[in-house]
Amino acid sequence: PKYKLIYFNARGKAEHIRFIFAYAGVDYTDYRIPKEKWPDMKKTMPFGVVPVLEIEGVGQVGQSNAIARYLAQRYGLAGKDPYEALQCDALVDTLADLKQVLWQYRTEDDPIKKEERKANLMKEVIPYYLKRFERIVKENNGFAVGDSVTWADFAFAVSLENFELIFGNGSLEPYPNLRALRNMVFSLPRIKAWLERRPKTEF
């Protein structure tokens, strides 16, 4: 089928989906909504939000991880069996919990509250999650799930890239296995080619 991925000109909630397309070698339309067109396009989206995957002759569907999961299952990136698929889902959903807390920090306007949030993040929240993710990746010899590449690796790589952009290049030093996972994903030939040609965006 022909695919069209509809999102803003950003990595955001769509980048791990783009990684799946790149890794699988699947052609698709990477439609990036111009700001001035969003108010009108918003009315045409299933629930008024993006990303949305449009499948020619089938329809449109939203929710970034649902889209990623569908494509991962279709292109062999959802683990080797139902239990590995479950592990992928659980890890990506747990990662989403952490990203929600990070989003609250990034969107906090009050500078004093923002510093308080950052202190709590750096001291408690981030280590709590990243230590556990680090242990899992170490146990799996460099992968998020099992012993081969899954869409969970892509979700982690994209999030870890953003994490370093927010907190600085040295922020992953305490987590060598997570850093190695990100580097592994970014060095996969088709992902590397995508990184070289993708539009440069802030987020």
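How closely do the axes of helix α1 (residues 15-24) and α6 come, and at what angle do they cross? They come within 9 Å and cross at roughly 130°, where axes are lines fitted to C-alpha atoms, for helices over the stretch in contact, and angles run from 0 to 180 degrees between N-to-C directions. This is a predicted model, in which local features need pLDDT of at least 70, side-chain atom pairs count only at pLDDT 80 or more, and totals for chains, interfaces and linings use all residues. Residues are numbered from 1 along each chain as its sequence is written, and side-chain values use heavy atoms, with hydrogens and water left out.

**Helix α1 with α6**
- The angle makes α1 oblique to α6 (angles under 35 degrees count as roughly parallel, over 145 as roughly antiparallel, 65 to 115 as roughly perpendicular and the rest as oblique).
- On the α1 side E15, H16, F19, I20 and Y23 make the contact, and on the α6 side W151, F154, A155 and V158 (contact means heavy atoms within 4.5 Å).

**Helix α4 with α6**
- The axes of α4 (residues 82-106) and α6 (residues 151-167) come within 10 Å and cross at roughly 20°, and the two helices are therefore roughly parallel to each other.
- Among the residues that meet here are L91, L95 and L102 in α4 and A155, F156 and F163 in α6.

**Domains**
- The chain is divided into domain 1 (3-76) and domain 2 (82-189), with bounds from an automatic or database domain assignment, and their C-alpha centres lie 22 Å apart.
- Ten residues of domain 1 are in contact with 14 residues of domain 2.

Key: Helix = DSSP H or I, 4+ residues; strand = E, 2+ residues; numbered from the N terminus.
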